[in-house]
Amino acid sequence: MKQNITIKQIAQESNVSMATVSRYLNGTVTVSDEKRQQIEAVIAKYNFTPNTNARSLSLGRTMTLGIVIPDISNPYFYSLFLEIQREATLNGYTLLLYNTSFQQNHKEFEEEYFQKLIQHRVDGVLVLGGQIDLVSPSASYLRALNRLGEHLPVVVMGHPIPGSSCRFLEPENGSGVTALFHYLYSLGHRNIAFIGGNAGVRITETRLAAYRKLLTLHRLTPNPDLVVLTDYYAPDGYQAALMLMENPLSFSAVIAANDNVAIGAIRAFKDKGLSVPAHISVASCDHFSSGEYFIPRITGIARDTYLLGRLLIDTLLQNIRGTREDSSIDFSTRLWEGESCQGF
């Protein structure tokens with residue numbers, strides 16, 4: 001049964017100073033293993049739970065982090081959120097989540113949420129996409145983001161904005177498309193299409209630039225009809241595949257923006273009597289774990305959401321504590337080989 005016990009009593013029984021107990025509970029300074037074990041033994045004995053309100057007051061923090069996500073229903077953002085939540089919890093923080101529904105063109109929500117986060121006095125904010133993903137974000141959005149960064153430590157997953165006080169991490173560099181293209185080329189494919197994504201969105205433009213560079217590298221003739229930009233969801237993949245099949249130019253392989261788009265495309269090919277991979281190979285720029293249970297299993301680029309989630313939280317906590325460390329960041333990806341691609 002839980003008993004009322006003070007920090008002073010914990011210090012006396014564990015034979016350490018009150019300052020050491022306080023540092024352990026607040027997580028502000030590393031405590032030696034020996035002292036940590038002594039403190040934890042007493043805490044376990046009395047089933048002690050620290051008063052989070054008192055802890056927040058002593059630290060001058062709310063122990064809450066804001067997180068702004070464009071679409072929590074997207075498997076990529078959902079899996080990333082779970083890793084961020086896990087890492088935040090390990091560090092004693094709770095999350096205040098705002099889902100902006102950016103893909104439904106509710107762009108104004110982001111600016112409203114930035115202001116709300118300032119009013120809630122959270123300790124720091126993670127911004128994971130949204131308007132920051134656009135090649136040309138609106139002026140009002142940039143003002144709102146910069147204002148947020150002036151009030152709070154902010155880490156943004158996106159392309160850096162010159163002069164901003166926010167910290168930026170940009171995980172997309174086109175390497176995934178490069179790996180997929182080389183893989184398909186090694187299987188004998190030469191007419192490779194690209195579908196999904198939006199024009200004007202930086203991640204799409206980065207991937208398209210890599211795709212076009214590879215066409216030149218392999219001395220393949222670029223054809224604009226083999227690039228169909230729609231969006232990032234299954235219906236968009238379905239529509240893109242239908243548009244590809246209207247084209248008289250044959251294609252043998254498709255690079256999809258993500259597994260959602262790939263699933264939609266595979267359904268469209270099936271409806272038109274084409275089998276994947278017997279007739280057409282399909283690969284995905286973003287492999288979701290659910291793609292391993294689709295028929296066929298979708299070949300794609302697997303991204304380490306565990307590493308990225310931990311990195312985002314660690315970077316934000318560094319900024320909150322004033323211990324920012326600039327270091328090289330490796331967002332390496334790997335090709336997950338499923339059953340949706342076949343050679344000649």
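**View 1. Aromatic pairs in a predicted model.** Seven aromatic pairs turn up in a search of the whole structure, which is a predicted model. Tyr76 has a relative accessible area of 15% and is buried. Phe77 is buried too, at 11% relative accessibility.

**View 2. The pair of Tyr98 and Tyr113.** These two rings are stacked, with 4.4 Å from centre to centre and 10 degrees between the planes. The pair links distant parts of the chain. Tyr98 belongs to strand E2 (residues 94-99), and Tyr113 to helix H6 (residues 108-120). The two residues are 15 residues apart. Tyr98 is buried, because its relative accessible area is 12% and the cut-off is under 20%. Tyr113, at 14%, also counts as buried. Ring pairs join Tyr98, Phe109 and Tyr113 into a cluster.

**View 3. A charge over a ring.** Arg190 places its charged end over the ring of Tyr185. The distance to the ring centre is 3.5 Å.

View 4. E6 pairs in the parallel sense with strand E8 (residues 253-256), over four bridges. There, Ala193 has Val254 as its bridge partner. Two bridges join E6 to strand E7 (residues 227-228), also in parallel. In E7, Val228 is the bridge partner of Ile195. E6, helix H9 (residues 202-217) and E7 form a right-handed β-α-β unit.

Conventions. Residues are numbered from 1 along each chain as its sequence is written. This is a predicted model: local features need pLDDT of at least 70, side-chain atom pairs count only at pLDDT 80 or more; totals for chains, interfaces and linings use all residues. Side-chain values use heavy atoms; hydrogens and water are left out. Two strands pair if DSSP finds at least two bridges between them. A crossover is right-handed if, with the strands pointing away from the viewer, the path from the first strand over the helix to the second runs clockwise. Rings of Phe, Tyr and Trp (its six-membered ring) pair if their centres lie within 6.5 Å; planes under 30 degrees apart count as stacked, over 60 as edge-to-face and the rest as tilted. Buried means under 20% relative accessible area, exposed over 50%, partly exposed in between (1.4 Å probe, protein chains only). A charge sits over a ring if NZ of Lys or CZ of Arg is within 6 Å of the ring centre and within 35 degrees of the ring normal.
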